Amino acid sequence: MTVWSTNETGIMSSQIESLKSNSAPTNMSTTLRVVDIIEGTTVDGPGFRTAIYFAGCRHCCSGCHNPSTWDFSAGRDMTVEEITEVIRRNGFNVTFSGGDPFYQHERLEPLIRVIKSMGLTLWCYTGFTYEALMSQPQTSKLLAMIDVLVDGPFISAQKNTDLIFRGSSNQRLIDTTRSSIDNIVLWESEF
């Protein structure tokens, strides 16, 4: 069970320490640990999408719909080029999920840059809060390239099956293109 404590700014201290403890080289030949890639999903954001499920998660939310992705050694290593080939093949917008993609934050930037250069939108699911990610320079720069962040851990007691694209009411669909640390703008469905 994860114990969540907050500091004076309301940021979960366990989240910040998890972000600081992960480091990896950043270049185009860097591999990412991927459990699965689902082409044509419609449950991980609007429209048909390519969902990339990254390995590794320390949030270990009770009731998680994908606990098989918690293991950091699950799946296989894939290069940015291999992942990009799948994305190019179908041309769908992209969603990062897992596991938690931000445990591989230093390896994500080259992939995100390729996705954005293709003119595709990018959604990202994470158990970290927007505030925790914005507090760290290495992750806040990635948020500037992500279109929508679905943030916060899944909390079973707040489970709500009527919510769109998320499982519990604490999770937010943040329009990161219009948000800042002082002004969080929630994404609104066009449906």
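Of the 191 residues in the chain, 48% are buried, where buried means under 20% relative accessible area, exposed over 50% and partly exposed in between (1.4 Å probe, protein chains only). The model is predicted: local features need pLDDT of at least 70, side-chain atom pairs count only at pLDDT 80 or more, and totals for chains, interfaces and linings use all residues. Residues are numbered from 1 along each chain as its sequence is written, and side-chain values use heavy atoms, with hydrogens and water left out.

**Overall fold**
- The chain contains 5 helices and 7 strands; these are DSSP runs numbered from the N terminus, with helices (H or I) of at least four residues and strands (E) of at least two.
- Starting at the N terminus, the order of elements is α-β-β-β-α-β-α-β-α-α-β-β.
- Contacts (heavy atoms within 4.5 Å) between residues at least 6 apart in sequence join residues at least 24 apart in 66% of cases.

**Helix α2**
- Helix α2 spans residues 80-90, and its buried residues are Val 80, Ile 83, Thr 84, Val 86, Ile 87 and Asn 90.
- Viewed down the axis of α2, these buried residues fall within an arc of 155 degrees, so they line one face of the helix; the arc is taken from the directions from the helix axis to the C-beta atoms.
- Arg 88 and Arg 89, on the other side of α2, are exposed.
- The packing partners of the buried residues of α2 are β1 (31-41), β2 (49-54), β3 (76-79), β4 (93-98) and α3 (105-117).

**Nonpolar cores**
- A nonpolar core is a set of buried Ala, Val, Leu, Ile, Met, Phe, Trp, Tyr and Cys residues joined through side-chain atoms within 4.5 Å.
- The largest such core has 32 residues, and Ile 52, Ile 83, Phe 96, Phe 102 and Leu 111 have the most contacts inside it.
- Elements giving two or more residues to this core include β5 (122-125), α4 (130-134) and α5 (137-143), while α3 gives the most, with 5 residues.
- A second, separate core of 7 residues includes Trp 123, Val 148, Phe 165 and Trp 187.

**Largest pocket**
- Lining the largest pocket are 32 residues, of which His 65, Tyr 125, Phe 154, Gly 167 and Gln 171 lie nearest its centre.
- On a 1 Å grid over the protein atoms alone, a pocket is an open set of points where a 1.4 Å probe fits, with protein on both sides within 12 Å along at least five of seven lines; lining residues have an atom within 4 Å of a point.
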